[in-house]
Structures are given as C-alpha cells and as structure tokens.
Amino acid sequence: MSTHTDTHPPPAAYEPATEAIPDDTDGKPFRPALVVIDMQNDFVTGSLPVPGGASILPQVNSLIQLETFEAKIATRDHHPANHVSFAKSHQGKTEFTSKIVIYHPEDVKELEGKEQVLWPVHCVADTHGAEFIPGLVTDRFDATIVKGVHPSIESYSGFKDIWGKKETELPGILNERGVTDVFYVGLAGDFCVKYTALDSVDYGFKTWVVVDAVKSISQDEIAWNLMKEKGVRFTKTEDVKKRLA
C-alpha cells in the first residue's frame, strides 16, 4: 500500500484582470453605491462555506466604512426550513450532486422550468447560520435585502428571483438615490455575486465587482468570463478607495 502523500498545493483561484476607476466621466455624474452580498455564517464557517470566505472581511469592512457611497446595502439569504434548494426537501436527493427542475408556484402549466442544484440546509431564517459573520460592520447599511424567503422560489440575485417575476427593494433604492455605479463584494462570486452583477447591468447600472473582496465556490474562470462578456467591470479595493477619496 502506498504511503505517498500529495503535498502539492491546490491550484490558485482564477483572478481576472482589473482596472482603475476612471476619474474622467465626461461630465456625467458619478454616484456610487456598495452592495455587500451574503456575508453570512453558513457561507463562511457553516454548512455551505465558500473557500477563503473569511479572508475578505478586512477589504469588505474597509469599503463599508467609506463615507462617499450614496448607499450601502447588504443582501442575505433568509430561507424557510423547507426551501426548495435544500436536498433535504427532496426524498432520495443528495447535496451538491443532485439537480432537479423547479417551477414558479404561479407556473401551473410548468412552462418555464429552471435547473436547481440541491444544497445543504443553509441560512435558515432566524438561525445562527443566517446571521452576518462576526466582525462585519453592519451599522452602516442603509438597507438589508432578504432573498429566498418563499419555500418554492429560488433567488440568487439581489434584484429578483430566478424567473424575474418579483423584484426586491434593491433597484428602487438605487434609483431613488440616483446611483450610477454599483460596486459588489461578498459571497459567492460564481453564484449570488455573479447573478446580482448580471442583473445590475440589465438594470442600466455601471457594474463593478471588487475582485479582492469576493470569493467563489469554483476556482475557475467561467463565472468571471460570463460577467465580463455581459459588461461587468473588475477592480480592486485600493482602486475603489482612490476613486472615492
């Protein structure tokens, strides 16, 4: 029997090229907002941890503490215990490996199915796992958007559910404050950050993902490339600080 132990480190996570935020806006307003996505216990130390999730806390907090954002908004998963995304809610299904097709409750003819990965139970409303992680600066948030509150409706994006049938308060808050540019940080880069950023472009906002303040479940480039193709731009914490100074 071999006793060889593989000591090679895991491959580094893909990191896209970033850019500074232009100072010259051709006379157009620059009204930035910060959206902090799903910095919750279950996504850092709990049932569905994102690799390295705790490591971005200093960057996230440093941005929250900037005074020059027009709005600072958090999002949170806030699921019922029988949420459709939980493997436990489906007999014989397993976490991560099982997929099902789900339909919006109003779609009685089942015309618009969405493939759903089945997850461990996570971020159940009013439990420790759904709370913000210790140390996150939370007293600067103008609003907290909760998502995934209906047992049969999945919501990755901070803007709307996966069928786009119901908006959250997020687009209204951003528009009311005249926001032009939205900066996204948090977890996970290849799920809730990605889907929120993609929707952000569709809503007409200049959309930035702060790369060193995001961690993903997957370590590859697929999600980053999809965002880039849609028009999402990538920057770093220090570049945001310089632009907002």
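**A talk through the model**

Author: Asp 126 counts as exposed, because its relative accessibility is 71%; exposed means over 50% relative accessible area, buried under 20% and partly exposed in between, with a 1.4 Å probe and protein chains only. This is a predicted model, in which local features need pLDDT of at least 70 and side-chain atom pairs count only at pLDDT 80 or more, while totals for chains, interfaces and linings use all residues. Residues are numbered from 1 along each chain as its sequence is written, and side-chain values use heavy atoms, with hydrogens and water left out.

Reader: Where is Asp 126 placed, and what is its phi?

Author: Asp 126 sits in the loop between strand S4 (114-117) and strand S5 (143-147). Its phi is near 65°, a positive value in a residue other than glycine. Helices (H or I, at least four residues) and strands (E, at least two) are DSSP runs, numbered from the N terminus.

Reader: And what is the phi of Phe 96?

Author: Phe 96 is not a glycine either, yet has a positive phi of about 75°. Phe 96 belongs to the loop between S2 and S3 and is partly exposed, since its relative accessible area is 45%.

Reader: Is His 79 buried or exposed?

Author: His 79 counts as buried because its relative accessibility is 1%. Its place is in the loop between strand S2 (71-77) and strand S3 (99-102).

Reader: Which residues is His 79 in contact with?

Author: Leaving aside neighbours within four places in sequence, His 79 is in contact with Phe 86, His 122, Cys 123, Val 124, Ala 125, Lys 147, Gly 148 and Glu 154. Contact means heavy atoms within 4.5 Å. A polar atom of the His 79 side chain lies 2.8 Å from the backbone oxygen of Gly 148.

Reader: Let us turn to helix H5. Which of its residues are buried?

Author: In helix H5 (residues 222-230), the buried residues are Ala 223, Trp 224 and Met 227. Seen down the axis of H5, they fall within an arc of 100°, so they line one face of the helix; the arc is that of the directions from the helix axis to the C-beta atoms. Ile 222, Lys 228 and Glu 229 are exposed on the other side of H5.

Reader: What covers the buried residues of H5?

Author: The cover includes helix H4 (192-202), strand S7 (206-215) and strand S8 (233-235). After H5 comes Gly 231, with a positive phi near 110°.

Reader: Where is the cis peptide bond?

Author: It joins Leu 187 and Ala 188, with omega about -20°. Ala 188 is in the loop between strand S6 (181-187) and H4.

Reader: Which members of the largest nonpolar core touch the most others?

Author: Of its 61 residues, these are Met 39, Val 60, Leu 136, Leu 174, Phe 183, Val 209 and Val 240. S7 gives the most to this core, with six residues. Apart from it lies another core, of seven residues, including Val 84 and Ile 153. A nonpolar core is a set of buried Ala, Val, Leu, Ile, Met, Phe, Trp, Tyr and Cys residues joined through side-chain atoms within 4.5 Å.

Reader: What is Val 240 in contact with?

Author: Beyond its neighbours within four places in sequence, Val 240 is in contact with Ile 21, Leu 63, Leu 66, Phe 69, Phe 183, Val 210 and Thr 235.

Terms used: Polar contact = N/O pair within 3.5 Å; in protein donor to acceptor, adjacent residues only side chain to side chain.
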